[in-house]
Amino acid sequence: MDDSIANSSPEFIQGWRDGCEVGMSAGSNGFYKIFYRNNRVDGYKMANSSDYKTGWSNSFWYCYRHDYIKQKSKVWSSTFAGFQ
């Protein structure tokens with residue numbers, strides 16, 4: 001974990017971890033989706049904690065893009081693979 005994130009509030013850190021988990025699931029191909037939870041969010045904290053919401057939102061997109069580029073797959077190929 002980056003030092004700038006490690007020195008953040010506990011709610012931001014939890015939001016970062018949860019959002020990254022969902023982002024990795026969303027950006028992965030079908031095989032890698034089995035390793036990540038796509039529903040990891042604390043609804044109470046999302047509604048009541050700006051730190052959690054900010055951490056979750058930022059890490060979702062960061063991890064989504066990171067995983068998508070890492071796997072070098074088309075963004076829709078993993079999503080619509082079953083609709084052929």
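S59 sits in helix α4, where helices are DSSP runs of H or I with at least four residues, strands are runs of E with at least two, and both are numbered from the N terminus. The model is predicted, so local features need pLDDT of at least 70 and side-chain atom pairs count only at pLDDT 80 or more, while totals for chains, interfaces and linings use all residues. Residues are numbered from 1 along each chain as its sequence is written, and side-chain values use heavy atoms, with hydrogens and water left out. The protein chain has four helices and zero strands. One disulfide is present.

**Confidence**

- The mean pLDDT of the protein chain is 76; pLDDT is the predictor's confidence in each residue, from 0 to 100.
- A pLDDT of 70 or more is reached by 74% of the residues.
- Among the elements, α2 has the highest mean pLDDT, 86.
- Helix α1 (residues 3-6) has the lowest, 75.

**Overall fold**

- Along the sequence, the pattern reads α-α-α-α.
- Of the 84 residues in the protein chain, 32% are buried. Buried means under 20% relative accessible area, exposed means over 50%, and partly exposed lies in between, with a 1.4 Å probe and protein chains only.
- Take the contacts between residues at least 6 apart in sequence: 61% join residues at least 24 apart. Contact means heavy atoms within 4.5 Å.
- The protein chain has an accessible surface of about 5,800 Å². Carbon and sulfur atoms account for 55% of that surface. Areas come from the Shrake-Rupley method with a 1.4 Å probe, and for residues only the protein chains shown count as cover.

**Helix α2**

- Helix α2 covers residues 10-27.
- Its 18 residues should span 26 Å at 1.5 Å a residue, and the end C-alpha atoms are 26 Å apart, so the two values agree. The expected span is 1.5 Å times one less than the number of residues.
- Because 13 of the 18 residues of α2 are buried, this helix is largely enclosed by the rest of the structure.

**The disulfide**

- C20 and C63 form the disulfide, with their sulfur atoms 1.8 Å apart. The cut-off for a disulfide is a pair of cysteine sulfur atoms within 2.5 Å.
- The pair links distant parts of the chain: C20 belongs to helix α2 and C63 to helix α4, 43 residues apart.
- The torsion about the S-S bond of C20 and C63 is about -95 degrees, so the disulfide is left-handed.
- Both C20 and C63 are buried.

- S59 counts as buried because its relative accessibility is 0%.
- A polar atom of the S59 side chain lies 3.0 Å from the backbone oxygen of G55.
- Leaving aside neighbours within four places in sequence, S59 is in contact with G15, W16, G19, C20 and Y64.

- S49 lies in the loop between α3 (43-48) and α4 (50-71).
- S49 has 8% relative accessibility and therefore counts as buried.
- The side chains of S49 and E11 make a polar contact at 2.4 Å. A polar contact is a pair of N or O atoms within 3.5 Å; within protein, one must be able to donate a hydrogen and the other to accept it, and residues adjacent in sequence count only if both atoms are side-chain atoms.
- M46 lies in helix α3.
- Leaving aside neighbours within four places in sequence, M46 is in contact with V41, Y52, K53 and W56.

- R65 lies in helix α4. At 48% relative accessibility, R65 counts as partly exposed.
- R65 and G27 are 38 residues apart in sequence and 6.8 Å apart, C-alpha to C-alpha.
- I69 is also placed in helix α4. Its relative accessibility is 56%, so I69 counts as exposed.
- I69 and S28 are 41 residues apart in sequence, with their C-alpha atoms 9.7 Å apart.
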